[in-house]
Structures are given as C-alpha cells and as structure tokens.
Amino acid sequence: MLGAIAASVTMRVPAMAETRPAIHVMKDPNCGCCSAWIEILENDGFDVTTEESSGTRLRRYKIDNGIPQNMVSCHTGRIDGYIIEGHVPVADIRRLLDERPDAVGLAVPDMPFGSPGMGPESEREAYDVFLIRRDGSTEVFTSYAAA
C-alpha cells in the first residue's frame, strides 16, 4: 500500500514541474532592478534562468529579436517563443501565453517607477505594456494608471 502511494506521488511531481513557465533573461550584471523583476517572476512560479550581458552584445540581442528601438528597456526575456522586454507584469506575461497572439512579444519601454521591480506599486506612475507585432508595429496591450 505504501509503495502505491509513493508511486502516485512520484508520478505527480514531474507534471507539477512542467506547469512552471520557463523564461531565460538577458540582463546587465550590475542592474538591481533586473534582479528585482526576476525575483518577482520566481515568486510567481516562473522558472528563471539568467545570462549576463551588456553593451553592444545586449543591444544586438534586442535588435536580432525584433525589439524596436523605442521599446527598449534594461533586460530582455525569452519565454515560449516570445520576447519580454523590460518590467512587464506577470499578469501580462501569463495573458500573452494564454492568448498566443502572432507577435514578437511584450515591452514596457524605459523603466517606469512602480512597474514590477521598479519601486512600490502604491507609488506607481502611469505606464503601458505594448504588444510588439512581427512587422515592428506596436499597440497597447495593457495600461496601468498612476497609483
């Protein structure tokens, strides 16, 4: 009996592990806000791997992956075929993965105060999360009002 229980528990563990979305993040090694955003993702159930990059190499990665210059921020993630640029909230990443639009991914350009990893949400400035289309055009995916 105990063996059957142990086997059923063992069989469930891999299935649970598969439900954690995996995201790979390219980030500047000296950036604290990137680390804060990564911690938010990890606390919300994402499996995060990181790669340190900076300067020309990081800029080239963004360009090569379809991030328009006006959408650039400090770090760039790749998840399930999509690019996540900057301090994109977890809810928007999950919505992107659920809806699966034909797009490059999402971006929060610059580093708005109060976005995930950029200070308290209770003091947030208004900002938008943009959907980046494959042709380089963008549209507002979600808007966040000032707190």
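These questions and answers set values from a predicted model against the definitions behind them. Residues are numbered from 1 along each chain as its sequence is written, and side-chain values use heavy atoms, with hydrogens and water left out. In this predicted model, local features need pLDDT of at least 70, side-chain atom pairs count only at pLDDT 80 or more, and totals for chains, interfaces and linings use all residues.

Q: What makes up the secondary structure of the chain?
A: The chain has 4 helices and 7 strands. Helices (H or I, at least four residues) and strands (E, at least two) are DSSP runs, numbered from the N terminus. Along the sequence the pattern reads α-β-α-β-α-β-β-α-β-β-β.

Q: Why is Lys 62 called buried?
A: Its relative accessibility is 4%. Buried means under 20% relative accessible area, exposed over 50%, and partly exposed in between (1.4 Å probe, protein chains only). So Lys 62, at 4%, counts as buried. Lys 62 sits in helix 3, residues 55-64.

Q: Which residues is Lys 62 in contact with, leaving aside its neighbours within four places in sequence?
A: They are Ile 67, Val 72, Ser 73, Cys 74, His 75, Thr 76 and Glu 85. Contact means heavy atoms within 4.5 Å.

Q: What makes Arg 94 and Asp 44 a salt bridge?
A: Their closest N and O atoms are 3.1 Å apart. A salt bridge is a side-chain nitrogen of Lys or Arg within 4 Å of a carboxyl oxygen of Asp or Glu. Therefore the pair qualifies.

Q: Why does the pair of Arg 94 and Asp 44 tie together parts of the chain?
A: Arg 94 lies in helix 4 (residues 90-99). Asp 44 lies in the loop between helix 2 (32-43) and strand 2 (47-52). So the pair links parts that are 50 residues apart in sequence.

Q: Are Arg 94 and Asp 44 buried, partly exposed or exposed?
A: Arg 94 has a relative accessible area of 31%, so it is partly exposed. Asp 44 is at 37%, and is also partly exposed.

Q: How far apart are Arg 60 and Asp 64 in helix 3?
A: They are 4 residues apart, so about one helical turn separates them. Their side chains meet in a salt bridge, at 3.0 Å from N to O.

Q: Why is Asp 64 called exposed, and what is Arg 60 called?
A: Asp 64 has a relative accessible area of 53%, so it is exposed. Arg 60, at 45%, is partly exposed.

Q: What joins Glu 99 and Arg 95?
A: Their side chains meet in a salt bridge, at 2.9 Å from N to O. Both are in helix 4, 4 residues apart, which means about one helical turn. Glu 99, at 47%, counts as partly exposed. Arg 95 does too, at 31%.

Q: How many salt bridges are found in the whole structure?
A: The search finds 9.

Q: Which groups do the lining residues of the largest pocket divide into?
A: There are 5 nonpolar, 4 polar and 2 charged. Ala, Val, Leu, Ile, Met, Phe, Trp, Tyr, Cys and Pro count as nonpolar, Asp, Glu, Lys and Arg as charged, and the others, Gly among them, as polar. The lining includes Ile 40, Ser 115, Glu 121 and Arg 124. A pocket is an open set of points on a 1 Å grid, where a 1.4 Å probe fits, with protein on both sides within 12 Å along at least five of seven lines; lining residues have an atom within 4 Å of a point.

Q: How much of the chain is buried?
A: Of its 147 residues, 43% count as buried.
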